[in-house]
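Please examine the sequence and the structure shown below.

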Amino acid sequence: MTLFNVLIVDDEQEFREVTVKRLNKRDLHCEGAESGEKALERISKGDIDVVLLDVKMPGMGGIETLREIKCRMPLIEVVMLTGHASVESGIDGMKMGAFDYLMKPMELDPLLEKLQEAYAKKKNQQDKIEMAQIKRDMARPS
Amino acid sequence: MKAIIDRIKKYLLRGAGSRPSTVELQADFQARYREFRSLLTANNNALEAMAEMEQALHAGQTFSAAFVRSRSTAVMVNVYKMIQSLLEISGGRYHKLKKSFEKISARVGEILEQETAVSSGPWIIPLHKINKNMADQVGEKMANLGEVAGIEGISTPKGFAISAAASRHFLVANNLNAEINRLLQMLNPENLAAVYEISAEIQKLISNAALPADLETKINDAYSELERETRPGVKVAMRSSALGEDLAGATFAGQYHTELNVDREFLGQTYKEVVAGKYTSRAILYRLKKGYRHEDIEMGVGCLSMVDAIISGIVYSRDPGNPGNPWANINVLRGAAQKVVMGTAPTDLFLVSRQEPHQIIKQELHQEQKPSEAETDTPFPPAADLAIDLTKIALILEKHFGAPQDIEWSIDGDGKIHILQSRPVVFSSDTGENADSGELENPEEQPLLRGQVTASHGVGFGPAHLVANAVDMLQFPRQAVLVVAHPLPEWSPLLNRAAALIAETGSEAGHLATVSREFGVPALFGVQDALKKINNGDVVTVDATYRMVHAGRREDLLARSKPPPDLMAGSPVQAMLREILQYITPLNLTDPSSPYFKSTYCETLHDITRFCHEKSVEEMFSFGEKYHFNQRAAKRLVGEVPLEWWVIDLADGFQEGTDVTGKTVRVENIVSTPMLAIWDGITAFPWQGPPSVSFRGMGSILFQSTMQPGFDPALPSPMSSKNYFLISKNFCNFSVRLGYHFAMVESYLSDLLTENYVSFSFKGGAADARRKAARIQLLSQILSRYDFRVEQKGDSMTARIEKRPVAFLKDRLKILGYLTLHARQVDMVMGKQRSITRYRNKFFSDIEMLLKPTTAEV
């Protein structure tokens with residue numbers, strides 16, 4: 001399995017810490033952020049691949065955070081996390097470019113699987129862009 | 001004109017100059033292929049969620065509003081993903097799907113977010129101003145009592161109701177609803193310990209919240225008014241009177257909190273506790289079982305002056321065990337009525353004829369007959385007179401409310417009867433008719449134990465589980481027989497899982513008895529020494545109707561038992577699911593060749609999934625043709641192979657280093673796991689060709705289409721007439737299109753169980769309707785035997801199997817490979833029953849042979 005970087009954004013401290021710990025044990029590099037604002041600060045470093053993002057947070061909400069992430073770092077894949085399953089937030093997140101959504105509480109394996117899928121997609125997009133870049137370079141008259 | 005010329009130019013240019021490079025084509029193809037895969041996964045997930053919803057509705061399962069919401073969300077999100085993927089694959093064609101989706105999802109959203117009508121009105125309403133039409137303000141219990149208070153000649157305690165509007169004000173002022181919802185959302189109802197924990201947490205939240213000052217003042221004022229009406233310092237009983245309970249005949253018996261003897265000092269605290277009682281674990285589980293959303297229920301609270309009860313009890317205007325009996329049932333107990341409904345004390349039972357002149361038909365005295373010294377100085381009214389007076393009142397109330405009534409009463413020191421509550425009787429779903437017409441007890445039977453009271457009719461069996469405390473409750477296994485000393489309301493969460501209930505005390509008037517009847521759980525009360533004579537784990541059969549407990553499992557008695565009632569019938573949550581499913585599951589787009597198979601005709605989410613699936617397959621299949629995709633286009637399979645097969649490598653289905661420039665490929669070069677499994681099935685037994693009997697006629701058509709001599713792959717025949725495999729390492733889509741006959745096998749195999757599936761669809765064939773039906777039946781018999789879920793519709797069938805380990809699914813693919821090749825022969829001879837049987841037997845024995853070596857490997 002490829003190692004990649006995951007950021008878990010949730011105001012619920014217990015959930016966040018436990019999930020970070022468990023995912024790190026499964027050979028992912030995983031960190032937590034307790035708010036949308038903190039998350040945006042963290043992703044600006046540029047090494048995060050996948051974000052797991054709670055929809056409901058005080059301050060900057062999940063959907064708003066998602067919009068900002070997609071705007072600043074469009075390649076990062078975001079998996080939304082909903083506690084109170086609402087159709088609205090599920091669909092809204094998808095429309096704004098979330099990779100998928102998961103419902104709390106969830107088990108570790110499906111979560112891991114979803115994060116891996118999201119990373120595979122991100123990796124793919126990246127390859128595509130690189131390919132296009134190479135092509136452009138080669139087409140340039142030299 | 002210019003436009004046309006431009007278009008022609010463009011076309012010509014595309015043909016010449018801008019032909020995409022190989023690498024670009026591969027990348028394009030892989031991107032599409034990935035979209036295609038994710039579309040298939042989303043399709044799977046959407047259909048699975050739909051199936052769960054239908055299952056929940058039709059199989060009489062218990063489900064919560066959260067379940068409906070989460071499954072609906074899963075369907076919608078996955079359908080949305082499918083649309084996205086299809087648009088991606090098709091380069092934006094079918095964009096009208098989005099509009100259809102928006103329309104449907106808006107409707108589903110509306111149903112899901114439907115708010116319960118919020119009641120309004122004053123916070124405090126005196127009892128004498130309440131009538132039965134005010135249940136939406138003060139709750140069913142208080143509305144009925146207010147109605148009783150207004151009936152001439154019937155007396156009730158004085159008091160007032162604190163309305164639902166007041167409790168909402170209390171919760172909103174403390175901003176509690178969001179937190180309560182969050183806690184409830186995490187609830188796993190299967191885990192009793194977790195339910196207790198969350199219930200305790202919510203109740204604590206409510207009890208510790210501050211009562212808004214304005215509400216507290218109003219409650220105190222109302223109490224002062226009550227003091228003026230009665231006497232200073234009057235003690236009150238505070239009981240829940242929830243809104244929305246009356247829907248669909250739920251009783252909510254004993255699910256909430258009642259507090260007796262409350263004085264002014266504790267009014268506020270007790271009020272909060274009664275409101276918190278909405279979230280006792282038993283109330284939470286009861287609502288779940290009966291299909292109520294928590295937000296459907298709001299709490300009103302009744303505040304009634306205490307009656308100094310000498311005697312109390314319950315009167316049923318009709319026998320709850322069998323409404324056909326011509327008598328009223330009266331349970332009598334010394335002291336407050338609370339003990340009757342709690343089921344802790346033995347009660348005396350009187351049966352009084354409903355016909356005038358009322359007569360006592362039967363009396364059973366279970367209370368100790370000698371009153372203790374302290375009680376002898378209070379005049380004890382003659383039981384017979386009392387029973388007849390109560391019957392008269394019960395009949396008045398029955399007439400007034402228009403239905404048999406379950407009435408709680410008390411008699412004070414002056415001998416005056418006070419009605420504390422009146423509500424419709426809950427009858428046993430199983431009325432034990434046979435029992436009452438025949439002999440009540442078989443004299444020759446020597447049961448393990450006998451009981452005195454049929455609290456709920458029926459027969460149940462299981463291992464006994466003795467329960468005395470919360471720890472025992474947590475260990476209560478499913479389908480066990482619950483054995484308790486007293487039928488306390490606390491045990492009601494276990495009725496969800498109990499096969500039967502045995503209690504040493506209690507009457508049919510208790511809360512637990514009511515809930516047993518409601519849930520259709522056989523319940524036998526008054527079984528002396530049950531806890532001594534029954535050990536944990538003993539298997540017993542409880543015959544509640546004949547009031548006996550037998551050792552072991554008694555088939556003869558169990559044959560009498562009826563299936564349990566559909567507890568959720570008519571409930572708000574069930575209605576919500578039913579309404580939503582209208583927009584989700586019906587399939588209108590069934591025939592891809594119909595002119596109505598269009599994105600604009602998609603009326604349900606199922607239609608959209610069907611449409612997306614069909615169109616994406618079409619797009620994928622035509623990819624090679626559309627793009628002069630020489631290198632990736634179909635390659636003919638060569639080597640020692642029967643018939644003609646074509647392979648399209650979607651991604652990584654060929655061994656690395658395979659020469660991909662040629663027009664053919666060898667089986668040895670293929671690394672697609674599912675394709676190789678299908679191929680094993682195809683090649684396991686030599687194909688005999690179509691049976692000779694029909695070599696002419698229809699058979700020769702098939703034969704020709706299969707044995708097409710046009711071997712030169714450079715001369716492509718239309719895709720639709722080839723047998724071809726679309727493959728990658730983990731994926732294979734195998735299509736056999738032969739003239740009139742279409743079969744498709746599709747599979748994805750990987751280490752992720754959730755992604756794995758094998759599906760098979762089969763349609764048409766060159767035969768008349770009767771033959772087609774017979775063939776489909778034969779196929780479905782075979783596939784069902786090998787664990788496929790088979791669905792038949794007319795002359796088409798689909799079979800699916802998913803989420804199984806790779807080895808298991810590989811065997812299924814072999815079977816399908818075998819069948820797609822050999823089932824064709826059946827077409828020709830399908831008319832004769834004898835030959836069908838012969839073929840079936842041959843198929844089964846071939847398949848067994850086919851699977852043998854693999855099973856040995858595994």
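The model is predicted. Its largest nonpolar core has 80 residues, and another core, lying apart from it, has 61.

**Nonpolar cores**
- Within the largest core, the residues with the most contacts are A:Val51, A:Met80, B:Leu97, B:Phe101, B:Ile580, B:Leu605 and B:Ile608.
- Helix α3(B) gives the most to this core, with 13 residues.
- Domain 1 (2-114 + 585-616) and domain 5 (634-857) of chain B both contribute residues, so the core lies between them.
- Not counting residues up to four places away in sequence, B:Ile580 touches B:Met53, B:Val68, B:Ser72, B:Val108, B:Ile111 and B:Leu112.
- The separate core of 61 residues includes B:Ala166, B:Ile198, B:Ile202 and B:Ala523.

**Helix packing in chain B**
- Helices α7 (residues 164-173) and α11 (residues 267-276) of chain B pack with their axes 11 Å apart, at an angle of about 95 degrees; they are therefore roughly perpendicular to each other.
- At this contact, B:Ala166, B:Ser167 and B:Phe170 of α7(B) meet B:Tyr271, B:Lys272 and B:Val275 of α11(B).
- Four of the contact residues are nonpolar, one is polar and one is charged.
- In helix α8 (residues 177-185) of chain B, the buried residues are B:Ile180, B:Leu183, B:Leu184 and B:Gln185; their cover includes α3 (65-90), α9 (192-208) and α12 (281-290) of chain B.

**A buried aspartate**
- B:Asp406 lies in strand β10 (residues 405-411) of chain B, and counts as buried because its relative accessibility is 6%.
- Leaving aside neighbours within four places in sequence, the contacts of B:Asp406 include B:Ile314, B:Tyr316, B:Gln421 and B:Arg423.

Note on methods. Residues numbered from 1 in each chain as written. Chains lettered and ligands numbered in written order. Predicted model: local features only at pLDDT ≥ 70, side-chain atom pairs only at ≥ 80, totals over all residues. Heavy atoms only, no water. Buried < 20%, exposed > 50% of the residue type's maximum accessible area, 1.4 Å probe, protein only. Helix = DSSP H or I, 4+ residues; strand = E, 2+ residues; numbered from the N terminus. Contact = heavy atoms within 4.5 Å. Axes fitted to C-alpha atoms, helices over the stretch in contact; angles between N-to-C directions. Parallel < 35°, antiparallel > 145°, perpendicular 65-115°, else oblique. Nonpolar A, V, L, I, M, F, W, Y, C, P; charged D, E, K, R; others polar. Core = buried A, V, L, I, M, F, W, Y, C linked by side-chain atoms within 4.5 Å. Domains from an automatic or database assignment.
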